[in-house]
Amino acid sequence: MLRSLKGLVCHPLKLDHGYALHTAAKDCLSSVLSQDVQIPAERPRAVFYTNETDPVKTFNEACLMVRKPALELFTYLKNSNFAHPAVRYVIYGERGTGKTMTLCHVVHYCARQGWLVLHIPDAHLWVKNCKELMQSSYKKERLDQPLQASSWLKNFKTSNEHFLKEIKTQQKYVWGKRESTEQGRPLGEVVEQGLARVRSASDAVGVVLKEIKQQCHLGSFRVLVAVDGVNALWGRTTLKKEDKSPVSPEELTLVYNLRKMMMNNWNGGAIVTTLSQTGSLFKPSSAYLPHELLGKEGFDALDPFVPVLVPNYSQREFESCYHYYLHRKWLQHEQARTEAGKEELRFLSGSNPQQLERLAGPL
Amino acid sequence: MRPPSACSARGCAHQRPSAAPLTPPRPSRSALAQRRAAPSLPALIATHRAGAAPALPANRGRRAFLGPCGAEPGAAVMAAAMRRLLRAGGRRGAALVVAAGGARSQTLRLIYTTTAAWKKNVAASGPEKYTEAFIKKQIEEFNLGKRHLANMMGEDPETFTQEDIDRAIAYLFPSGLFDKRARPMMKHPTEIFPEQRKIQWGEDGRPFHFLFYTGKQSYYSLMHDTYEKLLNVQKHQDQMAAQDLPPQKEKKNLVGSRWLTKTELEEMLLEKLSDDDYSRFIQLLQKLVTSPCGNIEENYIKKFSREISAQLQKVVIEPLKHDDRGVAFSTGEGERKTSRATVIVYDNGTGKITVNGIDVLHYFPVLQDREQLLFPFQFLDRVGKHDMVCTVSGGGRSSQAGAIRLASAKALRSFVTEKEVEFMRQAGLLTVDPRVKERKKPGQEGARRKFTWKKR
């Protein structure tokens, strides 16, 4: 889950999970270019995530390990035929094995190649802990989430600036009594509108998605839809309406529009998603397979998809991660430098990336 | 007792007339004697304490006779009876309820007795409490009862051993009492009734033994005999020296044996000893044993020595076994609190551990438990070299982790040199942790925690 990921930066994308903008990451923007991820290296480099207290700020860089699942995805994307409907890829695996990281890697890759990237850092944030729920002006039975929508629009704007100027609206949109967007205006105006008028932010998001979907088959740009925690779209929510009745996901505008995006009735791009148990609601912690986390509805909606499993570290990957920590002097304990210490870390973490990171933190 | 009447329509239960006697009327003396003399099977099954105490018919009138309630002794006679009872003491001193039925008699009820009444009047009890005839009768009855019991249990009376008796009694009279000695038991009368010294003097009052007037006749006679043996040995030694034969070198090995303890010696002699007496006797025995040619009196000495059976057992380390693929493995079992674990440790592994079919990261999400599992391997520097398959049940997560740790340490003994096994033992990896949950006591909230103290 992206909660621990703040400020992982890939030019020009700024990934933000909606809590707070990690300003330090802006500084890293340029530095990442120089700290290039070498693709596809024979010897993978080390990985780490970025918590408040830790590596990105300390190292002033964000690094990714190149692993097999990501490489697999790159080959698929390279060989995909964009005349065919968009292929859906689902990255799944046990907790803490690196699914979100793989997704970020893919996003970075596509961004470098010049694709238009629609990245939703964590879909779970849209279905829980929402402070403001408004009734949608567009459709009476749906509910709007202005805060989440506006934060997403902000990110989208900063990450895909030049696309916003190129894509033109194909239809007139009326936002209210006095506001409307004419046909043929750049998409940037829609985004500005959403940001200025927070009340209509969710509708703005919907408009953006619709326009992109309609225009991507023309072939001028490729679209990558990257969603983390896609099982949130088909699960349950913890939100309640004013009369305390539970809200189902389709009643949320954002979710509804995103679901439309996930269908494979458009071409000219790809959809890469991740399953996540950590933020999911009402799912047991041992669940990690697609059909467990997506449920019947989600599975049917996403079917057919290409599953990509992300396992724990292999021997070499573990070694590489360990050496990275050592090299960057993250491991300060004397015994951590020894061979015995390495074995101990390997045993205790079970070669699970998240566990290793947690263990290495205090050392 | 009048049987409780059936519930009336008004619903009150058990109407008892107020004048009914509170205890059943005491049987007559003869009836009592008869009953005591012919105990049925249940009477033989006595508890430990009662075994010493069945009051005997051959009393010298110490037990006050309480006549049946209908006998109407006058108040004075009753009082006299009570006084007699109190003076004589005896073990019957507990609160007696003397109830007399009938309107005319006075109801004398003794609520309490003094401790003086309870104290054992040892001097008065005399040397002989159980007559020989009594003991013989008990033995006959025991044998008869044994056969009855065997019949009841459907076993062969001829081959019914004491263990079978114990099992049968535990089955027929299940008891939840904690102290084993308080439970019903049926043993040979010689084990239940302690040995008594027979009367030491004859009809004319003259004692049989020549050392009677020393007060500790058996002790002094024992010392006398032992010293005689010692003199014997010394004489033999002198003879050997005179004949210029070398003295015998074989010494009896005293390592695996011990002398009788003071209590055992007292039981043997049937009389009390002081510590000083006991130490003198042991010194004499030592002298006898350590002197050359002491082997002559070996038989005599054997009577006073016992084997020490509990020697340290050498723990056998099992050799490695090999499974179908040719991989060496070994098993181990461990426990901690209420958890039990069995573990198979395979050689040539990568450090993969499976617990109850689940990967160790999922079964023990807490780091502390995994550290416990790591400990034996890390101690032997074999962290990534073995695979492990464990089954564990019972207890909580911490105790399961401890149980697996012990089991894996035991299994690793087969892979490792003896010196390292000794290191492991000293590190505490091979010791069963004896700590279990302490019992909650009444009057307290927990095992140690008391209830909140309130000043008033």
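Mentor: Two strands pair if DSSP finds at least two bridges between them; strands (E, at least two residues) and helices (H or I, at least four) are DSSP runs, numbered from the N terminus. Residues are numbered from 1 along each chain as written, with chains lettered from A and ligands numbered from 1 in the order in which they are written. This is a predicted model, in which local features need pLDDT of at least 70 and side-chain atom pairs count only at pLDDT 80 or more, while totals for chains, interfaces and linings use all residues, and side-chain values use heavy atoms, without hydrogens and water.

Trainee: In the hairpin of β4(B) and β5(B), which residue takes a positive phi?

Mentor: Strands β4 (residues 328-336) and β5 (residues 339-346) of chain B run antiparallel and are joined by 8 bridges, with B:Arg336 standing opposite B:Ser339. The hairpin has 2 residues between its strands, and the one with a positive phi, near 50 degrees, is B:Lys337.

Trainee: How do the residues of the contact of α5(A) with α8(A) divide?

Mentor: Helices α5 (residues 146-159) and α8 (residues 201-215) of chain A pack at about 45 degrees, their axes 7 Å apart (axes are lines fitted to C-alpha atoms, for helices over the stretch in contact, and angles run from 0 to 180 degrees between N-to-C directions). Among the residues that meet are A:Trp152 and A:Phe156 in α5(A), and A:Val208 and A:Ile212 in α8(A). With Ala, Val, Leu, Ile, Met, Phe, Trp, Tyr, Cys and Pro as nonpolar, Asp, Glu, Lys and Arg as charged, and the others, Gly among them, as polar, the contact has 10 nonpolar, 2 polar and no charged.

Trainee: What is the mean pLDDT of chain B?

Mentor: The pLDDT, the predictor's confidence in each residue from 0 to 100, reaches 70 or more for 70% of the residues of chain B. The mean is 78.

Conventions
Contact means heavy atoms within 4.5 Å.
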